[in-house]
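Open your viewer, bring up the model, and follow along one selection at a time. Each stop says what to pick and what you will find there.

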Amino acid sequence: MVDPLFIKRLQLALLAIVTLIICYFSLQSMRANAWYFSSLNTVQELSNTSPIDAPEVYSNELNKAQNAIKLAIELEPEHAHYLHFLSYIKLLALANTDQTEQSKLDTEYKEIQSLLLHSTHIRSSWAETWIELAKVTSYQQGPSKQVLKYIDQAKKVGPYKLDVHLGIIEISLANWQHLPPEYKALYVNSLSMAAQYGYRFNRIYTIAKQLNQLPTLCMSLQFGAAYKKLKQRYIYKQTCK
């Protein structure tokens, strides 16, 4: 017969072990969260720093933010949002560097793509990650079938997300000269959907300007009842003269 006292001690020991494990992972999560917010705050503060006027300060702060989020990922390697945020910081760094070697750019884009893919495997219901993955993949492949798959997934989980439609419009305008018919259909649909978001549509003018595609955008807005109110706004009249 098993000693009841032994069973009780065993149960207490198991409970103590489980409690220690829970405490350990809770502590890891708290530390990771602290590093994440450190990174986030650094990136937010960068909005007050010009990468043109103070490139060294901007680069140093961006590296600081990247190191902080990497520490968060070391503590919680399967945290989807941390992986997505690291990819965002890496894209910021790429946008503000003078890298000219295509091989280095390809390596960076593949690393970013890998982070986003990992994030989607952990959290497949996040539309913003899917559309970001589509954009990054399009930088390497153009308007490929793989990019189309990522777009379809983004629309599936976030059909009314403005960021999804902005991403589709950006990919389309960036590849306008050799855009397949299925992408043009997506572009028209997303432009019409984005017109329903009021003044948030203004972000599309900025995207088109950065891509030197304002004439294409303005021409697109000439057709369709969805743009009637839009064309009454000052920004449209100033941008699409």
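**Stop 1: a histidine in a helix.** This is a predicted model, and the tour begins with His165, which lies in helix α7. Is His165 buried or exposed? With a relative accessibility of 1%, His165 counts as buried, because the cut-off for that word is under 20%. Show what surrounds it: leaving out residues up to four places away in sequence, His165 touches Pro159, Tyr160, Asn189, Ser190 and Met193. Ile151 and His165 are 14 residues apart in sequence, and their C-alpha atoms are 9.4 Å apart in space.

**Stop 2: the whole chain.** Zoom out and switch to a cartoon view. The chain has 11 helices and zero strands, and reading along the sequence you pass α-α-α-α-α-α-α-α-α-α-α. Of the 241 residues in the chain, 40% are buried. If you draw the contacts between residues at least 6 apart in sequence, 61% of them join residues at least 24 apart.

**Stop 3: the largest nonpolar core.** In soluble globular proteins, nonpolar side chains tend to be buried together. Select Ile131, Ala134, Ile151 and Tyr183: among the 23 residues of the largest nonpolar core, these touch the most other members. Next, colour the helices that give two or more residues to this core, namely α3, α4 (102-122), α5, α6 (145-157), α7 and α8 (181-194). Which of them supplies the largest share of the core? That is α5, with six residues.

Stay with Tyr183 and display its contacts. Apart from residues up to four places away in sequence, Tyr183 touches Pro143, Ser144, Val147, Leu148, Ile151, Ile171 and Ser172. Then look for a second, separate core of 20 residues, which includes Tyr187, Tyr205, Cys218 and Cys240.

Stop 4: Select Thr137 in helix α5. Thr137 has a relative accessible area of 0%, so this residue counts as buried. Which side chain does the side chain of Thr137 meet in a polar contact? The partner is the side chain of Gln113, at 3.1 Å. Gln113 is also one of the residues in contact with Thr137 once neighbours within four places in sequence are set aside; the others are Gly142, Gln146, Val147 and Tyr150.

Now move to Ser119, in helix α4. Ser119 is buried as well, because its relative accessible area is 0%. Beyond residues up to four places away in sequence, Ser119 touches Ala80, Leu83, His84 and Thr129.

**Stop 5: the largest pocket.** The largest pocket holds about 1000 Å³ of space. Which residues are closest to its centre? Select Tyr88, Glu132, Lys135, Tyr139 and Glu170, out of the 28 residues that line this pocket. The elements giving two or more residues to the lining are α1 (4-45), α3 (80-95), α5 (127-141), α7 (162-174) and α9 (202-210). Colour the lining by residue class to finish: 14 of its residues are nonpolar, eight are polar and six are charged.

Definitions and conventions. Residues are numbered from 1 along each chain as its sequence is written. This is a predicted model: local features need pLDDT of at least 70, side-chain atom pairs count only at pLDDT 80 or more; totals for chains, interfaces and linings use all residues. Side-chain values use heavy atoms; hydrogens and water are left out. On a 1 Å grid over the protein atoms alone, a cavity is a set of points where a 1.4 Å probe fits but cannot get out, and a pocket is an open set with protein on both sides within 12 Å along at least five of seven lines; lining residues have an atom within 4 Å of a point. Grid points are joined across faces, edges and corners, and a volume is the space filled by probe spheres set on the points. Helices (H or I, at least four residues) and strands (E, at least two) are DSSP runs, numbered from the N terminus. Ala, Val, Leu, Ile, Met, Phe, Trp, Tyr, Cys and Pro count as nonpolar, Asp, Glu, Lys and Arg as charged, and the others, Gly among them, as polar. A nonpolar core is a set of buried Ala, Val, Leu, Ile, Met, Phe, Trp, Tyr and Cys residues joined through side-chain atoms within 4.5 Å. Buried means under 20% relative accessible area, exposed over 50%, partly exposed in between (1.4 Å probe, protein chains only). Contact means heavy atoms within 4.5 Å. A polar contact is a pair of N or O atoms within 3.5 Å; within protein, one must be able to donate a hydrogen and the other to accept it, and residues adjacent in sequence count only if both atoms are side-chain atoms.
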